[in-house]
Amino acid sequence: HQVHKYSPDGKLLMSLGKPGGNQPGKPADTDSFYQPNDVITYPNGDILVAEGHGNAAPATARLFARRSDNILILLLDDHPVHVFRAAFGREHGHKQIRDDARTPVGDYMVFPARRSARWKWFHAIDYPNARDVAAGRRRGLSREALGDEIGIHGHGGWPPTDLVASHGMSWNWTAGCISVNDTEIETVREFVVRPMPIRIEG
């Protein structure tokens, strides 16, 4: 988990990273590596260390969300490692069409975070998936009509604090996404380092 630079006579000149390195599924230390596998030294002396795929969470990593309990759970080997109270879409039931303010229900994939100016971090969920598209076509709806941009994100300063105080996190305020607070979304971001399954229940 470290990169060492030696002189021609074998003297240690520099060490990058820390012994033991970062561990999959756990918060990352920015001064450590997961699995460094190549090094490039630029003419100006800058050193680029290439990471391997060791930062990917285990294949058994997954997420579970349930609207009725307002929970989002991060699991490893089916054991909860983090449980968050979460807000869901304002309306009950499985998402049927764009702008219906419902959270999709079923089995989906969630993807690594992208930076969001509004929500801090945004993890896209693959709604509508093939099942949703097929169901929509049976109802005469195009893929576009089903909606998109469903994911997991931070609060981004919404809802206003007076509504948080009166309703708490159990108040479902989103347009269909799943929201945790801005501290918790950092934990989600560190956990979801590759596409992984999420089951969403109503």
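Let's start with a ring and its charges: Arg115 has its charged end over the ring of Trp121, 4.0 Å from the ring centre. A charge sits over a ring here if NZ of Lys or CZ of Arg is within 6 Å of the ring centre and within 35 degrees of the ring normal. Arg189 also lies over the face of Trp121, at 4.5 Å from the ring centre.

A word on what you have on screen. This is a predicted model, where local features need pLDDT of at least 70 and side-chain atom pairs count only at pLDDT 80 or more, while totals for chains, interfaces and linings use all residues. Residues are numbered from 1 along each chain as its sequence is written, and side-chain values use heavy atoms, with hydrogens and water left out.

Now to the sheet. It is open, has five strands in the order β7-β6-β5-β13-β8, and its pairing is mixed. Strands here are DSSP E runs of at least two residues, helices are H or I runs of at least four, and both are numbered from the N terminus. Two strands pair if DSSP finds at least two bridges between them. At the edges stand β7 (79-85) and β8, each with a single partner strand, so one side of each has no neighbour in the sheet.

Let's look at β5 from both sides. With β6, β5 pairs in the antiparallel sense over five bridges. Phe64 has Ile73 as its bridge partner in β6, and for Leu63 the partner in β6 is Leu74. These two strands form a hairpin with four residues between them, and Asn70 in the turn has a positive phi of about 50°. With β13, β5 pairs in the parallel sense over four bridges. There, Arg66 has Glu201 in β13 as its bridge partner.

So what packs around these strands? A nonpolar core means buried Ala, Val, Leu, Ile, Met, Phe, Trp, Tyr and Cys residues joined through side-chain atoms within 4.5 Å. Buried is under 20% relative accessible area, exposed over 50%, and partly exposed in between, with a 1.4 Å probe and protein chains only. Which members of the 28-residue largest core touch the most others? They are Leu63, Leu72, Ile152 and Ile198. Elements that give two or more residues to this core are β5 (62-66), β6 (71-76), β8 (106-110), α3 (184-191) and β13 (196-201). Contact means heavy atoms within 4.5 Å. Beyond its neighbours within four places in sequence, Leu72 has contacts including Leu63, Phe84, Ile152, Val188 and Ile198.

There is also a second, separate core of five residues, among them Ala87, Phe122, Trp173 and Cys177.

Trp173 brings us to aromatic pairs. Rings of Phe, Tyr and Trp (its six-membered ring) pair if their centres lie within 6.5 Å; planes under 30 degrees apart are stacked, over 60 edge-to-face, and the rest tilted. The count comes to two pairs. One of them is the tilted pair of Trp119 and Trp173, 5.9 Å centre to centre with 40° between the planes. Why does this pair tie together parts 54 residues apart in sequence? Because Trp119 lies in the loop between β9 (114-116) and β10 (120-124), and Trp173 in the loop between α2 (161-167) and β12 (178-179). Trp119 is buried at 13% relative accessibility, and Trp173 is buried at 6%.

Last stop: Pro128, in the loop between β10 and α1 (130-138). Pro128 is buried, at 4% relative accessibility. Leaving aside neighbours within four places in sequence, Pro128 contacts Val133, Arg143, Leu146 and Gly147.
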